[in-house]
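Please read the following points beside the sequence and the model.

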Amino acid sequence: MRYPFAEIEPKWRKFWDNNKIHQTDLSKTDDKLYTLVMFIYPSGAKLHCGHWYNYAPTDTWARYKKLNGYNVFEPMGYDAFGLPAENYAIKTGIHPYDSTMTNINDIRAQLKSIGCMYDWDAELMTCKPEYYKWNQWLFLQLYKKGLAYRKNAPVNWCPSCNTVLANEQVQSDGSCERCGSIVIQKALTQWFFKITDYVEELLSGLDTITWPEKTKLMQRNWIGKSIGTEVKFKVDGSGEDITVFTTRPDTLFGVTYVVLAPEHTLVDKLTTGEFKDSVAKYKEEIKSLSEIERTSTVKEKTGVPTGAVAINPVNGEKVPIWTADYVLSTYGTGCVMAVPGHDERDFQFAKKFNLPIRKVILKAGTNENDELTEAFTESGTMVNSGSFTGMFSEEGIDKISLYLEENNLGKRKTNYRLRDWLISRQRYWGTPIPIIHCPDCGEVPVEEDNLPVELPYDVEFKPSGDSPLSSNEKFINAKCPKCGADAKRDPDTMDTFVDSSWYYFRYLNPRFSEDIFDKSRTDKWVPVDMYVGGAEHATMHLLYARFIHKFLRDLGYTASDEPFKHLVHQGTITNQGAKMSKSKGNVVNPDDFTINYGADVFRLYLMFMGPYELGGDWSDKGISGTDRFVQRSYELFNKFSGLGKDVKAKSEYEIAPLSAVEKSIYRKVNQTIRKFDEEVEHFRFNTAIAGMMELINELKNLDQCSKEIQVYTLERFAVLLAPVAPHLAEECWQILGNDTSLFQKPVWFTVDEKALIADSINIAVQVNGKLRDTVEAATDSDQAVVKELVMQNEKVTKYLDGKQIVKEIFVKNKIYNIVVR
């Protein structure tokens, strides 16, 4: 009889819903476990296989924990604002709110069909005013503390999406992460959150959390801490100073020119008359280039001289001042001391423009008079460096830094690559920024009592380059809260990473209206114990959430330092080598498989595909294998239907009295439980399922066992099925004769350690420390028994003939060593 999934799966989902099996009692915090997957973007596409690959295996881990006695909270919601939903609306002409709500309803139905144990009472969606009101409140708290500010700055602009992108949203090739268009630079007045105020905490906190090392390394590199020295170069004939930052002050004697970023305010001040036209032309040529393009190591170096001259503070040498696009105004001081002998970019630039290249660091084993064919960038011995000549680089760095400080020519300093978080977006579908611009009072925050500033429905949301909200007269026109004069609302919306930076707090009481979240619950449940999602969020969502968490801590809203204790990344499921995307036409719809095989078969197959963190290219060729496993499991329980009503199994059995078949099955059951425990705990679902498949092969002889061993085995097999195939497990548990649901009264069976010990064991036999053979003996045999077996072994005794046995060394269950002479 085939497993009738079309009847059984809805039956158990209805039972779970009616009996609120998955509703967490948040008042019980003993053994609490907060499990969370990154919530879904409800754009035009519904769930595809990649979503299932994130959600179903994580639910398996959560179910396993629930069966082990944990009070598991596993909520789900929708990251509903942002470009995906807005772009879908632009394409179809359907309003973003309407399309988003329709998609949420469709996705909710799909999510329920997976059979995940989501607590639907905790569902939230970020596009609702009762949620984004608190984004605005959060903005105002940051503003009060000086951590939200507005400034004019060169920003990343996507000409296709017609909006600003944060640095983290520009891919390594300079394209938009959303649409793939090449990002350009544009000067705009934008809002920023001052994440850089938390930079040291963001670094040190990484040592306290159990995250993949690669992700922690990505955040460390993105923060980019550099310990170095600021050096002041005087400008010849001017009262101006140029301050540069360097991690290699030991190379100061090798400076042959200085470079300013084209946007630096000193460029126009210092450029001499004969170079003004060429500098102005150059600035115009490069202004559209993104930072990634400008700093690319493969891009041909460009630049022009300013005609001005700087004075090297350590030797008084005059060097030319250039402007070049490989120097950024937003990093360090926007000025660079160029040492072409010991920096690759400077070397390439000097070669192209025939600027001097001077060797001041000598590589071991080379001659200081040899011409440099490439920059030597490592440490070495200082040469051509005045009184510092002969010092090794590390000593030189310290001594030159001290010299600069003593002579007021510089100081030691720590720099960071991390920039403040640009949160302004010139799009419609997002949280309005709660600021009013008054011609007399300037920036005026909206009063908290007047939140939320609601996003109007009637807006032309198709992108024009201006913020869509600016065209809605009813929205944009406001009265100044301070003086009552006519004023304008801020027309931009917030980056949707603001929405996801604190949502895990809100899940614990999503309808709480008195504050940003219900602190009486979050104090007991936050931080999240297990967080699962894509590695692509390493330097965006995961960094922003850490920042906002620490800010909320400083406001007194949480006592914890980090949002997510443990982090696991699922691999990416690709199709024909590309990430699944509706725009690429390569989305695999899970509904096609659940209709034909059922949810349990499909989730089993996804977990059985391979290591969870690796993912892989989609293929449905192996799904028949997991289907066979489900069919065999269902047939097995039907064969022993009702047995558990009449027969009760013990928790353990003495192994010696069991028959050979019973021993084999008893051992295999306990070995499988041990393997399952170890593998699922660490998200190694494929090997856990492989162990269950091995077990069911062993159970072909179950009918040769006593009824007690049959019940013992089937109870444990049903419980093992429960995390990976919950509908099937509930049905099998019931078929066996149980009246309660496995998840209504969770149970997990512990391993009988005795069953893991083999009946016999191979003992290594050595003569004078050299292995001569092995003998098989009963486990825990004493020395006399093993000696008798050893002395009957010809491969050993031939090394004893004619020799005197001096000593015998016996280590139980391991070795028997005979010393002869």
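1. Pro452 lies in the loop between strand S20 (442–445) and helix H13 (473–476); helices (H or I, at least four residues) and strands (E, at least two) are DSSP runs, numbered from the N terminus. The peptide bond that joins Leu451 to Pro452 is cis, with omega near 0°. Most residues other than glycine have a negative phi, and most peptide bonds are trans.

2. This is a predicted model, in which local features need pLDDT of at least 70 and side-chain atom pairs count only at pLDDT 80 or more, while totals for chains, interfaces and linings use all residues. Residues are numbered from 1 along each chain as its sequence is written, and side-chain values use heavy atoms, with hydrogens and water left out.

3. Two residues deserve a check of phi. Phe683 is not a glycine, yet its phi is positive, about 65°; this residue sits in the loop between helix H21 (660–681) and helix H22 (685–698). Phe683 is buried, at 4% relative accessibility (buried means under 20% relative accessible area, exposed over 50%, partly exposed in between, with a 1.4 Å probe and protein chains only). Asp780, in the loop between strand S30 (770–778) and helix H25 (783–791), also has a positive phi, near 70°. Asp780 is partly exposed, with a relative accessible area of 47%.

4. Which residues have the most contacts inside the largest nonpolar core? They are Tyr34, Leu111, Phe139, Trp421, Trp502 and Trp618, in a core of 185 residues. Helix H23 (residues 707–724) supplies the largest share, 11 residues. Another core, apart from this one, has 47 residues, among them Val267 and Leu372. A nonpolar core is a set of buried Ala, Val, Leu, Ile, Met, Phe, Trp, Tyr and Cys residues joined through side-chain atoms within 4.5 Å.

5. The structure holds 0 disulfides, a disulfide being a pair of cysteine sulfur atoms within 2.5 Å. For Cys483, the nearest cysteine sulfur is that of Cys441, 3.7 Å away. Cys483 is partly exposed, with a relative accessible area of 41%, whereas Cys335 is buried, at 6%.

6. The second largest pocket has a volume of about 450 Å³. Its lining has 17 residues, and Met530, His566, Leu567, Val568 and Phe683 lie nearest its centre. S25 gives the largest share of this lining, 5 residues. On a 1 Å grid over the protein atoms alone, a cavity is a set of points where a 1.4 Å probe fits but cannot get out, and a pocket is an open set with protein on both sides within 12 Å along at least five of seven lines; lining residues have an atom within 4 Å of a point. Grid points are joined across faces, edges and corners, and a volume is the space filled by probe spheres set on the points.

7. How many cavities of 30 Å³ or more does a search of the whole structure find? The search finds 2. The largest cavity has a volume of about 170 Å³, and Gly82, Leu83, Arg425, Asp495 and Thr496 are the closest to its centre among 19 lining residues. The second largest cavity, of about 30 Å³, is lined by Ile673, Arg716, Val719, Leu720, Trp748 and Phe749. H23 gives the most to this second lining, with 3 residues.
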